[in-house]
Amino acid sequence: MLQLEELTLKLGGQTVLDKVSLKVESEIHIVIGLNGSGKSSLLKTIAGIWNQDSGSMSINGRDIRKLPPEERRVGYVPQHQALFRNMSVEKNIRYCLRNRRGDDARIDSLIDMLDLRDVLAKRPETLSGGYQSRVSLARTLASEPEVMLLDEPLSDLDVSIKERLIPTFKAALKTQSIPVVYVTHDSLEATLLGESFSVMTKGALSAVESVQDGFAALRIVHMGGKE
């Protein structure tokens with residue numbers, strides 16, 4: 001379980017995360033929000049890229065606040081795929097083995113599940129955006145994280161490609177039985193992937209019952225509180 005309590009982050013004198021509390025179990029939790037609302041900052045703080053100013057963070061009861069990113073056991077997939085350009089797809093995916101994470105059987109299963117067997121020898125830059133997204137997901141899951149964080153990983157794709165990829169993404173994520181926090185402002189992704197939901201506005205996070213409630217809340221905020 002991922003648990004955040006009163007998480008606060010300030011950057012440049014501005015409050016980016018405002019007392020954020022969140023509990024995610026073995027589910028795909030969608031965080032909906034407009035650009036600049038603090039969604040990416042939330043993921044970077046959980047991953048250890050940025051250090052929180054106050055509040056607590058734990059994974060399965062383990063306090064991660066003072067741990068460096070590599071010791072948090074958090075998988076992070078950024079919006080723009082950060083793949084190693086000088087390595088083949090296969091070497092990208094198997095990179096975790098250098099740090100004694102993952103195993104060959106698990107990696108082979110991910111390769112087949114994400115339909116990457118035919119592109120293993122290729123370099124990432126020669127692949128389409130959809131394939132690059134699959135490679136990034138496979139590489140991150142291969143390291144056996146205890147929590148997965150995804151920051152709009154499909155935002156650069158056409159709707160038709162996104163519709164085909166979402167079921168594959170969801171199946172791969174669900175095989176892990178770990179907490180997943182998936183950030184998006186796309187209603188299609190939120191609807192097809194999400195199992196629980198929250199909305200972020202101006203650094204504050206609020207739980208909602210459904211995708212529809214989430215986007216309704218965003219419309220109200222965008223209109224200054226008037227429907």
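Me: Which way does H3 pass H4, right-handed or left-handed?
Reply: In this predicted model, the crossing of H3 over H4 is right-handed.

Me: And at what angle do their axes cross?
Reply: Roughly 160 degrees, with the axes of helix H3 (residues 104-113) and helix H4 (residues 129-142) coming within 10 Å. Since angles over 145 degrees count as roughly antiparallel, H3 is therefore roughly antiparallel to H4.

Me: Nice. Which residues meet there?
Reply: From H3 you have Arg106, Ile107 and Leu110, and they meet Ala138, Leu141 and Ala142 of H4. By type, that contact has five nonpolar residues, one charged and no polar ones.

Me: Switching to the sheet: what's the strand order?
Reply: The order is E2-E1-E4-E5, an open sheet of four strands with antiparallel pairing. Strand E2 (14-24) and strand E5 (62-63) are the edges, each pairing on one side only.

Me: How many bridges pair E1 with E4?
Reply: Five, between strand E1 (residues 2-11) and strand E4 (residues 54-59), in the antiparallel sense. Among them, Gln3 is partnered by Ser58 of E4, and Thr8 by Ser54 of E4.

Me: And how many join E4 to E5?
Reply: Two bridges, and these strands also run antiparallel. In one of them, Ile59 has Arg62 of E5 as its bridge partner.

Me: What about the turn in that hairpin, how many residues lie between the strands?
Reply: Two residues lie between E4 and E5, and Asn60 takes a positive phi near 50 degrees in this hairpin.

Me: Last topic, aromatics. How many aromatic pairs are there?
Reply: The structure has one. Phe84 and Tyr95 make up the pair, with 4.8 Å centre to centre and 50 degrees between the planes, a tilted arrangement.

Me: Where in the chain do those two sit?
Reply: Phe84 is in the loop between strand E6 (74-77) and helix H2 (89-93), while Tyr95 is in the loop between H2 and H3. They are 11 residues apart, and the pair links distant parts of the chain.

Notes:
Residues are numbered from 1 along each chain as its sequence is written. This is a predicted model: local features need pLDDT of at least 70, side-chain atom pairs count only at pLDDT 80 or more; totals for chains, interfaces and linings use all residues. Side-chain values use heavy atoms; hydrogens and water are left out. Axes are lines fitted to C-alpha atoms, for helices over the stretch in contact, and angles run from 0 to 180 degrees between N-to-C directions. Angles under 35 degrees count as roughly parallel, over 145 as roughly antiparallel, 65 to 115 as roughly perpendicular and the rest as oblique. A crossing is left-handed if the near helix is turned anticlockwise from the far one by less than a right angle, and right-handed if clockwise. Contact means heavy atoms within 4.5 Å. Ala, Val, Leu, Ile, Met, Phe, Trp, Tyr, Cys and Pro count as nonpolar, Asp, Glu, Lys and Arg as charged, and the others, Gly among them, as polar. Two strands pair if DSSP finds at least two bridges between them. Rings of Phe, Tyr and Trp (its six-membered ring) pair if their centres lie within 6.5 Å; planes under 30 degrees apart count as stacked, over 60 as edge-to-face and the rest as tilted.
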